[in-house]
Amino acid sequence: MDLDIDEASAAFRDEAREWLASHVRSLPSMDTAEGFAAHREWEAELAKARWSVVSWPREYHGRDASMLQWLLFEEEYYAAGAPGRVSQNGIFMLGPTLFAHGTQEQRDRILPPMATGEQVWAQAWSEPEAGSDIAALRSTAVRTDGGWLLSGQKTWSSRATFADRAFGLFRTDPSAQRHHGLTYFMADLKAEGVTVRPIPQLDGEPGFAEIFFDDVFVPDADVIGEVGQGWRVAMTTANNERGLSLRSPGRFLAAAGRLVGLWRSHGEPLSTQDRVADAWIGARAYQLYTFGTVSRLADGGELGPESSVNKLFWSQLDVELHETALDVLGPEGETDRGWVDGYLFSLAGPIYGGTDQIQRNTIAERLLKLPRERR
């Protein structure tokens with residue numbers, strides 16, 4: 001693990017801190033039409049200054065930054081209290097998938113408008129009968145002239161209510177075994193045959209949606225990877241969601257710092273002292289673990305099943321950190337919208353990206369090489 005921050009990276013961090021200090025502002029919730037539009041404008045502003053996707057090549061609005069520099073930017077971004085990333089499905093999950101499995105034509109066509117927020121992506125992943133067990137999906141794609149006809153239902157699709165496009169798996173060979181015969185598609189949510197049905201959350205805002213596909217045409221150019229090999233492509237997406245991109249350490253370092261400040265402002269109660277310390281230590285441990293991952297990737301390694309360790313750790317850390325904050329606040333916590341919203345969102349962490357139970361199975365079977373459970 002390399003913990004040294006070189007001079008160029010330190011200068012990069014300082015530049016990011018200065019830019020964010022002069023540009024960060026509060027935005028309405030991205031799960032409303034007004035807020036979604038405001039967040040799209042924020043993405044365009046980030047891209048104009050080349051802060052949207054710092055580790056991407058310059059031709060895609062990036063800075064060719066190292067992974068270490070990306071981590072430093074993420075820390076500064078969250079420390080500045082910058083808005084959530086409405087484009088996160090694209091830039092943190094689909095983007096890395098295209099770099100790994102996409103064609104040059106796909107990267108040149110898809111990545112620039114993704115980086116600027118011109119095209120915002122939804123994750124068309126889960127189905128009514130296939131959540132963490134995504135291989136059980138039933139949505140189909142049937143060959144037609146020049147492409148495919150997609151049919152089926154996706155649910156709990158984040159950002160789908162207002163998004164432009166979606167990515168997901170569809171079964172192209174119904175006779176194949178569970179993890180085979182799947183193909184990875186990109187689809188236009190404004191295309192004929194697509195119906196998007198918003199799903200209101202506890203706060204009434206439609207952060208998710210169901211997507212219905214009724215013989216929706218998708219050209220061959222929007223297939224990522226080989227036909228029938230979608231599971232392999234999807235694992236790249238999942239590993240980025242669980243292992244590095246979607247939940248960088250900066251998010252938890254900033255939250256832990258706010259928690260420490262909250263605890264001190266409430267008289268440093270002994271009843272929560274150990275839990276506050278544990279939250280801060282957990283955030284710092286996650287930061288150091290991620291430095292190790294970045295060092296391994298820089299040496300030519302890849303994200304693999306160890307991303308399940310990552311996901312299991314941060315999903316539990318997020319819940320415990322926010323529970324501690326509410327206990328520090330006591331009765332007044334019920335009216336603190338920031339901590340309450342953070343807590344409610346943290347409860348989804350052990351579910352999205354593969355439930356904690358699935359992550360434990362993956363760790364046991366693929367990392368610890370324990371025998372598979374017999375059914």
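Reader: How many bridges join β5 to strand β8, and in which sense do the two run?

Author: Please keep in mind that this is a predicted model. Two bridges join β5 to β8 (residues 223-224), and the two strands run antiparallel. Within this pairing, Phe185 has Val223 of β8 as its bridge partner.

Reader: Over how many bridges do β4 and β5 pair?

Author: β4 and β5 pair over seven bridges, in the antiparallel sense.

Reader: Is strand β5 mostly covered or mostly uncovered?

Author: Strand β5, which spans residues 182-188, is mostly covered, with six of its seven residues buried.

Reader: Let us turn to helices. How does the reach of helix α2 compare with the span expected at 1.5 Å a residue?

Author: Helix α2 comprises 16 residues, 33-48, and its first and last C-alpha atoms are 23 Å apart, which is close to the expected 22 Å. Just after α2, Arg50 adopts a positive phi of about 65°.

Reader: Which residues of α2 are buried, and against which helices do they pack?

Author: The buried set consists of Gly35, Phe36, Ala38, His39, Trp42, Glu43, Leu46 and Ala47. These buried residues of α2 pack against α1 (7-23), α3 (67-79) and α5 (104-116).

Reader: How should I approach salt bridges, and how many does the structure hold?

Author: The general idea is that side chains of opposite charge can pair when their charged atoms come close. This structure holds 18 salt bridges. One of them joins the side chains of Arg159 and Asp31, with N and O 2.8 Å apart. That pair links distant parts of the chain, 128 residues apart: Arg159 belongs to the loop between β3 (147-158) and β4 (165-171), and Asp31 to the loop between α1 and α2.

Reader: Are Arg159 and Asp31 buried or exposed?

Author: Both Arg159 and Asp31 are buried.

Reader: What is the arrangement of Arg109 and Glu105 in helix α5?

Author: Arg109 and Glu105 form a salt bridge whose closest N and O atoms are 2.7 Å apart. The two residues are separated by about one helical turn, because they stand four residues apart in helix α5. Arg109 is partly exposed at 30% relative accessible area, and Glu105 is partly exposed at 39%. Salt bridges with shared partners join Glu105, Arg109, Arg165 and Asp222 into one network.

Reader: How far apart are the closest N and O atoms in the salt bridge between Asp14 and Arg13?

Author: In that salt bridge the closest N and O atoms are 3.8 Å apart. Asp14 is partly exposed, its relative accessible area being 39%, and Arg13 is also partly exposed, at 22%.

Reader: Finally, into which domains is the chain divided?

Author: The protein chain is divided into domain 1 (7-85), domain 2 (121-229) and domain 3 (247-367). Between the C-alpha centres of domain 1 and domain 2 the distance is 29 Å. Seven residues from domain 1 and eight residues from domain 2 take part in their contact.

Reader: What does UniProt list for residues 7-118?

Author: An unreviewed UniProt entry lists residues 7-118 as "domain: Acyl-CoA dehydrogenase/oxidase N-terminal". Over residues 7-118 the chain is 65% helix and 0% strand, with its end C-alpha atoms 34 Å apart.

Note on methods: Residues numbered from 1 in each chain as written. Predicted model: local features only at pLDDT ≥ 70, side-chain atom pairs only at ≥ 80, totals over all residues. Heavy atoms only, no water. Expected span 1.5 Å × (residues − 1). Buried < 20%, exposed > 50% of the residue type's maximum accessible area, 1.4 Å probe, protein only. Contact = heavy atoms within 4.5 Å. Salt bridge = Lys/Arg side-chain N within 4 Å of Asp/Glu carboxyl O. Pairing = 2+ DSSP bridges. UniProt positions renumbered as here; feature names shortened; annotations may be inferred. Domains from an automatic or database assignment.
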